[in-house]
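Thanks for asking me to look this one over.

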Amino acid sequence: MMRPVLAVGSDGCLAAHTAEAIQAAVARTLEGRRSDTLLRRAAAALAGVCVDVLRDRRGAVYGSRVVLLVGTGHNGADALLAGALLRRRGVTVDAVLVGDKAYQPGVDTVRAAGGSLVDATTIAGRERALQALAVADLMVDGIIGDQGVGGLRGVAADLVAAMPDGPAVVAVDLPSGVDPDSGEIHGAHVRADVTVTFGTFKGCLMIAPACYAAGRIEFVDVGFADQLDAEPLALRLTPGGIAELWPVPAETDHKYSRGVLGVVAGSDTYPGAAVLACLGAVRAGVGIVRYVGPRRVADHVLSATPEIVPGPARVQAWLLGSGVEDDADQERAIDTALASGLPCVVDAGALEVCARRRAAGDRPAPSTRILLTPHAGEAARIFAALGHDVARTAIEDRPLHHVTWLAREVDATVLLKGSTTLVANPEGPVFSQNDGPVWLATAGSGDVLAGIAGALMAAGLDAVHAGAMAASVHGLAAAKASAGGPASAAVTTTAIAPTVADLLRLRPGARRGRVSRSRWPGSR
Ligand SMILES: NC(=O)C1=CN([C@@H]2O[C@H](COP(=O)(O)OP(=O)(O)OC[C@H]3O[C@@H](n4cnc5c(N)ncnc54)[C@H](O)[C@@H]3O)[C@@H](O)[C@H]2O)[C@@H](O)CC1
Ligand SMILES: [K+]
């Protein structure tokens, strides 16, 4: 089992668990205690988030109107108990029951607190529910939590379709209607501004496309996290975690010990890809880049990054394939590098040859040293090269399924690029990073990402951590460079070093050269 190097669930590494693991942890926590212990804690936290959202939106809590959409399970119970707490703050509360039953103690509490109860399964009740939604300041989605199966149906689907655009939506645990574990969407679902998650993340809060329906995530520890004993489904490195893992040279280091990256990138068709990949690596702090490619491309690379050394020689890791197309010399160089057993970042023009070889059993390097970096279209082409007919849209709809399948099939680490990037190794939880602005999807941005990952692998990090850290730093750098506007790949590279500097300031007691190499994941 490939283990994450930071404590899972720590400030440096957030974890998402399956619904099954969460239910088991809740059951263990409740043994010998009142069954509503956790519900009450969750409801108090939920009410607190609603208060904050109302203050932000209206400037006041008293006099606000909140509609609770209440399902049949404990997700609805959380909403009801939170609604009763909001009543005490002078909020008008309409609890709309969307199923044939509801958590009775919650119903009683709302009624006792002076809230109104609306049975939306009747025609008159549905009419009242629509009227309440039309004047709401905030809507609480307590329809389904981690027991959700398929998209919303019946009354719930009708009411969600009728939710007006203006008021804020706070989802309990997850936006109802999305698949809790896989993050897939199979029908009608809620779109939230804020999702309050209890004890851990659910997979759907980290994985596309469902994570885009969750809005901002508020994490609340209701007291069962220590009972979660199953392997996490997904992990996310936080800026603090990346800072902890980022390779910082010691006083005794020199350019060779910091990492030498060989770059086989660019062709006469795509010379710029080589420039961007090399800029990415240099600005992420690699010791030396040795560039291998056509003379004309090497000239471009050298004029953009004079510190680069042209020509092949000994390296500690390779970056292969960015911008390589129809170039026999480059393809030969890629073949030689793949056969070397050294760590490789495998991009664009090197993806299919690498995948074919590894699927056929030719694996000179273990899966933790090979990082394939396809976007969904390239992943579809890799699947085709392996004999599977998989459409690009299928990969975008089910990224977790496809990235884990591909990682197993080629026995390598696969970084599936997207607005939310997933990094999967055959033997461990997937990492999910989503720090980039929407502007990041531009030509050349993948070359920069590959360069950053190459610098990290040359420094000794394993493919999973290098991939997750590179995706995050690349996204943060694009956000910094663009300052809210468009981000080009070349301008993003100018923000890599300042972004790393910002991150390193998060390191407790950060001082120059105080991190020992033995702490880096996969260090040799
Ligand atoms: N049990 C506890 O002590 C705690 C529970 N909590 C909350 O409770 C949730 C889990 O509660 P439950 O196990 O009762 O399950 P849910 O509240 O997720 O709801 C299950 C109900 O939803 C229905 N349902 C499933 N899919 C549906 C669909 N597509 N359309 C319409 N209805 C559908 C099911 O038939 C079932 O009746 C958590 O996600 C969390 O929000 C938290 O408050 C933490 C503590
Ligand atoms: K929900």
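1. A word on terms before we start: helices (H or I, at least four residues) and strands (E, at least two) are DSSP runs, numbered from the N terminus. This is a predicted model, in which local features need pLDDT of at least 70, side-chain atom pairs count only at pLDDT 80 or more, and totals for chains, interfaces and linings use all residues. Residues are numbered from 1 along each chain as its sequence is written, while chains are lettered from A and ligands numbered from 1 in the order in which they are written.

2. The overall picture. The chain holds 18 helices and 19 strands. Along the principal axes, the C-alpha atoms fill a box of roughly 80 × 50 × 45 Å.

3. Burial and contacts. Of the 524 residues, 56% count as buried. A residue is buried if 20 or more other C-beta atoms lie within 10 Å of its own, exposed if 12 or fewer, and partly exposed in between, with C-beta atoms placed from the backbone. Among contacts between residues at least 6 apart in sequence, 74% join residues at least 24 apart; two residues are in contact if their C-beta atoms, placed from the backbone, lie within 7 Å.

4. Two domains. The domain assignment gives domain 1 (19-229) and domain 2 (240-519), with bounds that come from an automatic or database domain assignment. Taken over C-alpha atoms, their centres are 40 Å apart. Eight residues from domain 1 and nine residues from domain 2 make the contact. On the domain 1 side, the touching residues are five nonpolar, two polar and one charged. For these classes, Ala, Val, Leu, Ile, Met, Phe, Trp, Tyr, Cys and Pro count as nonpolar, Asp, Glu, Lys and Arg as charged, and the others, Gly among them, as polar.

5. What surrounds ligand 1? The shell has 25 residues, and the closest are Gly73, His74, Asn75, Gly145 and Gln147; a residue counts as near if its C-beta atom, placed from the backbone, lies within 6 Å of the molecule. Helices α2 (37-58) and α3 (74-87) each supply at least two residues of this shell. By class, the shell has eleven nonpolar, ten polar and four charged residues.

6. One annotated site. Under "binding site", an unreviewed UniProt entry lists Asn75, Asp141 and Ser176. These residues span 102 residues in sequence, yet no two of their C-alpha atoms are more than 9.6 Å apart, so they gather at one spot. Please keep in mind that UniProt positions are given in the numbering used here, feature names are shortened, and annotations may be inferred rather than shown by experiment.

7. A closer look at two of these residues. Asn75 sits in helix α3 and is buried, with 25 other C-beta atoms within 10 Å. Leaving aside neighbours within four places in sequence, its contacts include Gly145 and Asp173. Asp141 lies in strand β5 (residues 138-142) and counts as buried, with 31 C-beta neighbours inside 10 Å. Among the residues that Asp141 touches, not counting those up to four places away in sequence, is Ser176.

8. A second annotated set. The unreviewed UniProt entry also gives "binding site" for Lys417, Gly418, Ser419, Thr420, Thr421 and Gly446. They are spread over 30 residues of sequence but cluster in space, with a largest C-alpha distance of 13.7 Å. Gly418 is in the loop between β17 (413-416) and β18 (421-424), whereas Gly446 is in helix α15 (residues 445-458). Beyond four places in sequence, Gly446 is in contact with Asp347, Thr373, His375 and Lys417.

9. Backbone spots to check. Most residues other than glycine have a negative phi, and most peptide bonds are trans. Asp173, in the loop between β6 (168-172) and β7 (194-198), has a positive phi near 75 degrees. Ala348, in the loop between β15 (344-346) and α11 (351-359), has a positive phi near 30 degrees. The peptide bond from Ala208 to Pro209 is cis, with omega near 0 degrees.
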